[in-house]
Amino acid sequence: MAKAIPTRDEDYSLWYNELVKKAGLAENSQVRGCMVIKPYGFAIWEKMQQALDQMFKDTGHENAYFPLFIPKSFLSKEADHVEGFAKECAVVTHYRLKTDESKKGVVVDPDAKLEEELIVRPTSETVIWDSYKNWIQSYRDLPLKINQWANVVRWELRTRLFLRTAEFLWQEGHTAHATKDEAIEETEQMLGVYADFVENFMAVPVIKGVKTPSERFAGAVDTYCIEAMMQDRKALQAGTSHFLGQNFAKAFNVKFASKEGKEEFVWGTSWGVSTRLMGALIMAHSDDDGLVLPPKLAPIQVVIVPIYKTDEELNKITEVVNGLSSDLKASGISVKFDNRDTHKPGWKFAEYELKGVPARIAIGPRDLENGTVEIARRDTKEKTTVELGNVLGHIKGLLEEMQTSIYNNALAFRKENTYEADSYEEFKELVDKGFVYAHWDGTDETEEKIKEETKATIRCIPLDQKKEDGKCIFSGKPSAGRVLFAKAY
RNA sequence: CGGGGCAUGGCGCAGUCCGGUUAGCGCACCUGGUUUGGGACCAGGGGGUCGCAGGUUCGAAUCCUGCUGCCCCGACCA
């Protein structure tokens, strides 16, 4: 897989930024901390959206849309929630501009001050629960399982393309249930959906787990997460699913009449993944020649490049290509025939490698003579000559093989860079090299001290944690199992 | 918000220390020709308020003052 990818933070960042720009995915906007997603980047995001949306529907969810603005008072209804988000909110205070004295520009009209400021949503729990209050009266209205595709704004101090921008696109699910067990089940189910998507579509292996109290979502009782390893061996939180208990129901007074005729607060969940997944996709698989996209998410799965000298040759090639591409398309494979005469074949090869197109078919005079084509795969760069009649079968097999091979490579990489530490000395050394499983005494203080001294955080308490008695690497106090430590984005 | 760096054509940079012709190079772009199985070559051409605002000077990309924006590292976070 990747060759010569820089591992120093600084160099890796530069490499990543350059790749995102060169591949035509996104660029920094003039607007502070925001990003412009370019057509090719958005096409990949759309593939992700499509797959996720289908998975949400298959698990009984419906889409809806709620307001961008949240009255300030809503946010203060849930104490932990407001504390968690207060420091990163964009606030609308006025509703009008006017030309300034010098007539050269515009200024905020001080007479147009809002009575109650509006917050640009950093997440929608509050507006949504405010609606749910009116939607839910009886157990017959439950469960309520809704998803929203939207943009949110968080005024982060430091931004990075896709990974942390001031405005980002995401999906947020918000559900309400009659019982605690059902809500927990929903939380875990959606974590499973995310893990399934990230592993089977994005070809990125993840570790499912529960966050420690200090890393929990503001307002949640429990936060579940999936954590993935990037090629610089750092961890990236790829998705979260929260069990909200009755916190928001109580804050927004959402009650229902149970079968037994009692009035009870509903139980809630929320879960989300964002355009950060684009960052994960890029950082997990790319090499020095550009992106490596798993076939299931590649906007173009097969590109066909003609090699010709004369119009006559091009015509012959086009004839063959037309047959080929209609066969491929009939099998649900997305094909692009790049017959532009403005670029040479070599240029096109490099361009589609940069964009991560999984398979490339080249057809030239030599092939016309032999009744063959040349098929190259992006991940390994292997080239094979294939008889015309076998192209469809070959491509189908290749795309499937690449999807699993890309995943297996990422999994092997993670395994190679995952360790167990039994002493703090050992831990400090290993945590620079990747994921480290170690014993922890379960206290906030220990977690915080380790973070201060090593920059590593507890990514999660793995769901498949095996019971194993041990001693906390920091305090020496007893521990019942290892937790996952890593440096993270 | 702290620490470091940067701002010169669409992109990447040189020139700034030590002020002085017409601000230069690579890539990209346009025209013509030759090319086309891994980012072609030759010839010609277009494109710049040197981040912004003041100041010093006969003269400022270059010196001084103030401002703004961006990038990287940290704190915060998906």
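Start by selecting the open sheet of five strands, ordered β18-β17-β19-β20-β21 with mixed pairing. Its edge strands are β18 (335-337) and β21 (383-387), each pairing on one side only. From one strand to the next the twist averages 25°. Strands here are DSSP runs of E with at least two residues, helices are runs of H or I with at least four residues, and both are numbered from the N terminus. Two strands count as paired if DSSP finds at least two bridges between them.

Before moving on, a note on what you are viewing: this is a predicted model, in which local features need pLDDT of at least 70 and side-chain atom pairs count only at pLDDT 80 or more, while totals for chains, interfaces and linings use all residues. Residues are numbered from 1 along each chain as its sequence is written, and chains are lettered from A and ligands numbered from 1 in the order in which they are written.

**Stop 1**

Zoom in on β17 (residues 302-306), which runs parallel to β18 and is joined to it by three bridges. Ile304 has Phe337 of β18 as its bridge partner. As background, strands of a sheet pair through backbone hydrogen bonds, either parallel or antiparallel.

Helix α10 (residues 345-354) lies across β17 and β19 (359-363), at about 170° to β17. Helix α12 (residues 391-416) lies across β17, β19, β20 (372-377) and β21, and runs at about 5° to β20. These angles run from 0 to 180 degrees between N-to-C directions, with axes fitted as lines to C-alpha atoms, for helices over the stretch in contact. Contact means that the C-beta atoms of two residues, placed from the backbone, lie within 7 Å.

**Stop 1: the RNA**

Keep α10 selected and show RNA strand B. Which helix or strand supplies the largest share of the surface near RNA strand B? That is α10, with eight residues. At least two residues each come from α1 (9-22), β13, α10, α11 (365-370) and β20. In total 39 residues surround the RNA strand, and the closest are Leu157, Arg158, Gly346, Gly364 and Arg366. A residue is near a molecule or strand if its C-beta atom, placed from the backbone, lies within 6 Å of it.

Colour this surface by residue class and you will find twelve nonpolar, nine polar and 18 charged residues. Ala, Val, Leu, Ile, Met, Phe, Trp, Tyr, Cys and Pro count as nonpolar, Asp, Glu, Lys and Arg as charged, and the others, Gly among them, as polar.

**Stop 2: strand β27**

Select residues 482-486, strand β27, where five of five residues are buried. Buried means that 20 or more other C-beta atoms lie within 10 Å of the residue's own, exposed means 12 or fewer, and partly exposed is in between, with C-beta atoms placed from the backbone. Arg482, Leu484 and Ala486 are on one side of β27, Val483 and Phe485 on the other, and both faces are covered.

Centre on Leu484. Strand β23 (residues 435-439) runs antiparallel to β27 with four bridges, and Tyr437 stands opposite Leu484. Strand β24 (residues 457-462) is also antiparallel to β27, with three bridges, and Cys460 has Leu484 as its bridge partner.

**Stop 3**

**Stop 5**

Most residues other than glycine have a negative phi, and most peptide bonds are trans. Select Leu142 and Pro143: the peptide bond between them is cis, with omega near -5°. Pro143 sits in the loop between α5 (125-135) and β9 (144-153).

Next, pick Arg233, in the loop between β12 and β13, where phi is near 75°. Arg233 is buried, with 20 other C-beta atoms within 10 Å. Lys455, in the loop between α14 (444-454) and β24, has a positive phi of about 70°. Lys455 counts as exposed because it has 12 C-beta neighbours inside 10 Å.
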